[in-house]
Amino acid sequence: MAYASQLGYEGVHMSAHRLSLQKTAWGGRAESAILTPQRGRGSLCHVVALPAQGGTRGSGSAGSKARRSWSEAGARWLATAALHFSVWRCRMGREARKRVDPLEKEQPDYNLNVLPLLLPARPGNGAKEYSVTDKLWRKTVYWARYHERVLHGSVSRFGQGTITGKVAVLGGGSFGTAMAVHVARKGNSVSLLLRDDIVCDFVNKRHINPKYLSEYNLPKCLQAHIDPAEALADCKVVIHALPVQASRRALESFAEHVPRGVPIVAVSKGLEIGSQRMMCDLISEALQRTHEENPVVVVSGPSFAKEIMDQRPTSVVAASSDLEAATHVQKLLMSSYFRVSTTDDVVGVEVAGALKNVLAIAAGICEGLGLGMNSMSALICQGSAEIRWLATAMGGRPETLAGLSGIGDILLTCYGNLSRNRTLGVRLGRGEPLQDILGSSGGVTEGVFTARLVVELADRHRVLLPVLTSVARILNGEVLPRKAVFEVLSLPPLEESA
């Protein structure tokens, strides 16, 4: 109880994710909240919203104002106490994991920006020549060094990667927090735009995000804001990490504060329901800017937020029609443990990043049903082919789907235990109702939303997607998970998906 005792909240026992006292700073209506006891799933309190000042009859009386002020103060104190308890619980969990998993406490000692040393030249005195493995490795390193000199003029790759100026990160979820910390570790000034003023105060005072990745300390050069004007003022790069389905409304509400001429880095993966827009188009439409005014760079690839925080080796792709902007973002994000490639195939990167979430649900369903790795691997193989079919039909390139943003991200999301979409599939396979799963999950599961668009896109582009369509049928309640999996596996094998 060291952390809780230090903060004076040793007796607090409540679940922070049930507290939603928020100051809606993005154009919404501000509300206060009170907490009342509740029996239920792991929570001893729940929130009852109170209307904003001026929204109730008789609000002008001094007595009602005083009562409301005391209620707001009490609710705020309890919400902050619950956040402290949540942080303490996460940190105790990490300390326990360190005792059994040495990787939890291991500090990285590598630098991905330093090329391997070139093997010495072959001796010319008749001594024994290189083995074939040494010869091939020497050729590999020689080619890499030649490639770097041609592109960058130096073998010290991206040593000048620090951007002069502020970087604004929109959204304080798991990946938004991880990207903000990653950029701040390189010495950049970072502003993190949040919605909850209590969480914002907590981040600035304790340098901890109490809602996501709270077992990690945040750099001192990272500051949280709830005012978009403050967060975006004088920024040189904007990193967009808001949930896809909430992006348009949020961006429209503070579009006037986004500086022109700065690149927008989209790290959210998914397609917008209704418009079927990819993030590169959605952001430009919401801001009412052209790609020339604010070039959009989509960053995708196998990258769990927790492993970025742990500084594990990570490789992603920056995709944009503006290669200068993509290179700018590459230099911003490259570090000793974070590698960034570039491409201009935005469609391939975005479609793969969105649809792999749907495929991860299918993989989780296989595990939840206990069907084994054979069937799961067969389903993932078929689903990967379906993603390639749709992406190429929409204008993407097949080779993109064979790279980091394609098969790399698919493998991570389908097999990794940290994937929210895979976890949702596992629980569906075990028979839990979808609404209960969504109500208890700690983040946004984009695959649920994207699955609804799969059938529409498949119909428009005349592509058959049996695995991805079956996931949509399961989420719509049209078929049970077990029946859907066996229906897909019983389809005739096609040469194209072998």
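This report walks through the fold, the sheet and the helix packing of a predicted model.

## Ground rules

Local features need pLDDT of at least 70, side-chain atom pairs count only at pLDDT 80 or more, and totals for chains, interfaces and linings use all residues. Residues are numbered from 1 along each chain as its sequence is written, and side-chain values use heavy atoms, with hydrogens and water left out.

## The chain overall

The chain holds 19 helices and ten strands; these are DSSP runs numbered from the N terminus, with H or I over at least four residues for helices and E over at least two for strands. Of its 498 residues, 49% count as buried, where buried means under 20% relative accessible area, exposed means over 50% and partly exposed lies in between (1.4 Å probe, protein chains only).

Take the contacts (heavy atoms within 4.5 Å) with a separation of 6 or more: residues 24 or more positions apart account for 72% of them.

Eight strands build an open sheet in the order 5-4-3-6-7-8-9-10, with mixed pairing; two strands pair if DSSP finds at least two bridges between them. Strand 5 (222-225) and strand 10 (338-343) are the edges, each pairing on one side only. Neighbouring strands are turned by 25° against each other on average, direction ignored. Helix 4 (residues 174-185) packs on the sheet, where it touches strand 3 (166-170), strand 4 (189-193), strand 5, strand 6 and strand 10, and its direction makes about 165° with that of strand 4. Axes here are lines fitted to C-alpha atoms, for helices over the stretch in contact, and angles run from 0 to 180 degrees between N-to-C directions.

Strand 3 is largely enclosed by the rest of the structure, because five of its five residues are buried. Lys-166, Ala-168 and Leu-170 point one way, Val-167 and Val-169 the other.

Strand 3 pairs with strand 4 in the parallel sense over five bridges, with Val-169 opposite Leu-192. Strand 3 also pairs with strand 6 in the parallel sense over five bridges, and there Val-167 stands opposite Val-237. Strand 3, helix 4 and strand 4 make a right-handed β-α-β unit, meaning that with the strands pointing away from the viewer, the path from the first strand over the helix to the second runs clockwise.

## Strand 8

Strand 8 (residues 296-300) has five of its five residues buried. Val-296, Val-298 and Ser-300 point one way and Val-297 and Val-299 the other. Strand 7 (residues 264-266) pairs with strand 8 in the parallel sense over three bridges, and the chain gets from strand 7 to strand 8 through helix 8 (residues 279-287) in a right-handed crossover. With strand 9 (residues 314-319), strand 8 pairs in the antiparallel sense, again over three bridges, and Val-299 faces Ala-318.

## Helix packing

Helix 12 and helix 14 (residues 404-415) pack at about 145°, their axes 11 Å apart. Residues meeting here include Met-373, Ile-380 and Ile-387 of helix 12, and Ile-407 and Tyr-415 of helix 14.

In helix 19 (residues 481-489), Pro-481, Ala-484, Val-485 and Val-488 are buried. They sit on the same side of the helix because they cover an arc of only 100° around the axis, taken from the directions from the helix axis to the C-beta atoms. What covers the buried residues of helix 19 includes helix 11 (346-368), helix 12 (372-393), helix 15 (420-429) and helix 18 (466-475).
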